[in-house]
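Morning, everyone. I'll take you through a few spots in one structure. Please have it open as we go.

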Amino acid sequence: MGKALDGVRILDFTHVQSGPTCTQLLAWFGADVIKVERPGEGDVTRTQLRDVPNADSLYFTMLNSNKRSITLDTKNAEGKKVLEDLVKVCDVLVENFAPGALDRMGFTWERLQEINPRIILASVKGFGPGPFEDCKVYENVAQCTGGAASTTGFRDGLPMVTGAQIGDSGTGLHLALGIVTALYQREHTGRGQKVLAAMQDSVLNLCRVKVRDQQRLSRGPLREYSQFGEGVPFGDAVPRAGNDSGGGQPGRILKCKGWEHDPNAYLYFITQAPVWEKICDVIGEPTWKTDPNYATAAARLPHLNEIFTRIEAWTMAHTKFEAMEILNQYDIPCGPILSMKEIIEDDSLYATGTLVEVEHPVRGAYVTVGNPIKLSDNDVPVERSPLLGEHTEEILATVLGFDADRIAEVKHSGAVGLSPVRQAAE
Ligand code: CAO
């Protein structure tokens with residue numbers, strides 16, 4: 001088997017989550033990812049949320065697999081020269097610094113193109129051009145400004161952020177697609193280009209259905225939202241819809257046996273229209289098949305609370321796994337609410353490489369989420385993240401062809417090094 005991005009070299013100038021999640025994916029497709037880190041400190045996440053003293057945190061190790069690490073002070077004159085040399089031999093420079101940081105370092109887009117006209121400059125920023133373009137942004141800010149928070153949660157509660165890191169990892173995914181697309185185009189044009197994935201744009205892209213609903217709202221109530229059946233009037237913006245889903249296929253999270261003491265004893269149940277009659281049989285309401293209040297998807301919308309209360313009476317008599325087994329026999333779409341404990345203990349996820357256990361020389365074995373995108377002709381085993389500066393000399397010697405004297409010169413300048421790791425404030 002091959003490696004999809006074999007021969008592609010990435011200059012990985014990323015930190016925290018959004019950028020590293022992108023370059024980790026590229027590494028899992030076989031690209032050579034060289035992570036540039038500040039001497040003595042490195043990516044701030046190395047020391048954030050530490051669970052093992054003096055070991056790189058899980059935050060860091062789970063976002064930086066299969067990369068090589070070089071320390072380089074890019075504000076040091078010698079460090080700048082080394083960075084220039086790296087730009088010459090790399091295909092893509094990926095960065096997610098605060099707006100303007102790369103320019104302040106002296107590496108404007110114009111300068112990068114002078115150094116290497118084929119370079120692709122890929123950036124994550126919080127916002128695209130506009131009133132907020134200079135702002136620093138973290139995950140939850142993106143969830144709030146991209147429309148996710150105002151549409152998540154319950155109508156009578158606060159706006160809610162989700163556990164899924166759609167702002168950071170979601171933007172990293174968008175950026176990775178932009179990078180491989182720019183690499184493809186460069187095959188024909190020979191030119192590099194800039195790729196920008198703004199976190200607000202990425203979250204908004206993932207909230208596309210809510211933009212749909214905003215426009216539908218001007219033409220009348222959103223009939224599939226529970227509040228329609230409850231007679232609660234709509235305002236002028238898309239409301240939070242709890243766990244509602246779908247139009248013809250409304251869904252809810254329902255209690256299952258054991259819910260009183262297990263916070264995850266729940267099942268997502270979808271009343272998919274094509275299997276409505278089977279649902280009626282399973283829950284013991286066969287007359288609902290022909291009752292005009294329940295027989296069609298449109299007729300059911302004002303009665304969702306009654307319908308789901310009745311279905312819940314059935315699910316509460318079963319565990320979430322029993323319910324799933326029974327419902328699957330009738331092709332009724334549903335899913336148990338799986339806890340992180342249940343997921344991390346699921347052998348089938350290890351069998352596919354979606355979860356992987358990796359050995360680390362300092363922290364020992366840890367579990368990470370492997371490549372979620374499976375290509376039939378890409379075989380890149382998940383490897384541990386690099387220690388800070390682990391590959392500095394290797395990269396100077398083999399990627400840049402520096403001899404011992406030149407390496408000594410660079411070291412002497414203080415541009416690379418391993419001064420003690422700073423203890424970060426959490
Ligand atoms: N050598 C020398 N200097 C370096 C360096 C290196 N190897 N790596 C970074 N630096 C410098 C930068 O040049 C910058 O210096 P200036 O402020 O003088 O320009 C400085 O380190 C700090 O970089 P930063 O502003 O990017 O970092 P921060 O911790 O202050 O902000 C963040 C972090 C994430 C808010 C900001 O980088 C950002 O908004 N990034 C874009 C959006 C993004 O990716 N957010 C997701 C983060 S994950 O939740």
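A polar contact here is a pair of N or O atoms within 3.5 Å, where one must be able to donate a hydrogen and the other to accept it. Keep that in mind, and keep in mind that this is a predicted model.

Start with Asn64. Where is it? Asn64 is in the loop between helix H2 (58-61) and strand E3 (67-71). Is Asn64 buried or exposed? Asn64 is buried, at 0% relative accessibility. Now its polar side chain. A polar atom there lies 3.0 Å from the backbone oxygen of Phe60. The Asn64 side chain also makes a polar contact of 2.8 Å with the side chain of Lys67. What else does Asn64 touch, beyond four places in sequence? The list is Pro20, Gln24, Lys35, Asp43, Ser385 and Pro386.

Next, the cysteines. How many disulfides are there? The count comes to 0. For a disulfide, the two sulfur atoms would have to be within 2.5 Å. Cys207 is likewise in no disulfide, with Cys144 holding the nearest cysteine sulfur. Their surroundings also deserve a look. Cys144 is partly exposed, at 46% relative accessible area. Cys207 is buried, at 9%.

On to helix H8, residues 199-206. Which of its residues are buried? They are Met199, Ser202 and Val203. Looking down the axis of H8, these buried residues fall within an arc of 95 degrees, so they line one face of the helix. What covers them? The cover includes strand E5 (120-125) and strand E6 (194-198). It also includes helix H6 (139-145) and helix H7 (169-189).

Now a sheet. It is open, has 3 strands, and runs in the order E7-E8-E9 with antiparallel pairing. Why do E7 and E9 each have a side without a neighbour? Strand E7 (251-255) and strand E9 (334-336) stand at the edges, so each has a single partner strand and one side left without a neighbour in the sheet. On average, neighbouring strands are turned by 20 degrees against each other, direction ignored.

Take the pairs one by one. E7 and E8 pair over 5 bridges, in the antiparallel sense. There, Leu254 stands opposite Leu267 in E8. Strand E8, residues 266-270, pairs with E9 over 3 bridges, again antiparallel. In that pairing, Tyr268 stands opposite Gly335 in E9. Helix H14, residues 320-329, packs on the sheet and touches E8 and E9. The direction of H14 makes about 160 degrees with that of E9.

Last stop, Thr315. This residue is in helix H13, residues 304-315. Is Thr315 buried or exposed? Thr315 is buried, with a relative accessible area of 0%. A polar atom of its side chain lies 3.1 Å from the backbone oxygen of Glu312.

How values were computed. Residues numbered from 1 in each chain as written. Predicted model: local features only at pLDDT ≥ 70, side-chain atom pairs only at ≥ 80, totals over all residues. Heavy atoms only, no water. Pairing = 2+ DSSP bridges. Helix = DSSP H or I, 4+ residues; strand = E, 2+ residues; numbered from the N terminus. Axes fitted to C-alpha atoms, helices over the stretch in contact; angles between N-to-C directions. Contact = heavy atoms within 4.5 Å. Buried < 20%, exposed > 50% of the residue type's maximum accessible area, 1.4 Å probe, protein only. Arc of directions from axis to C-beta.
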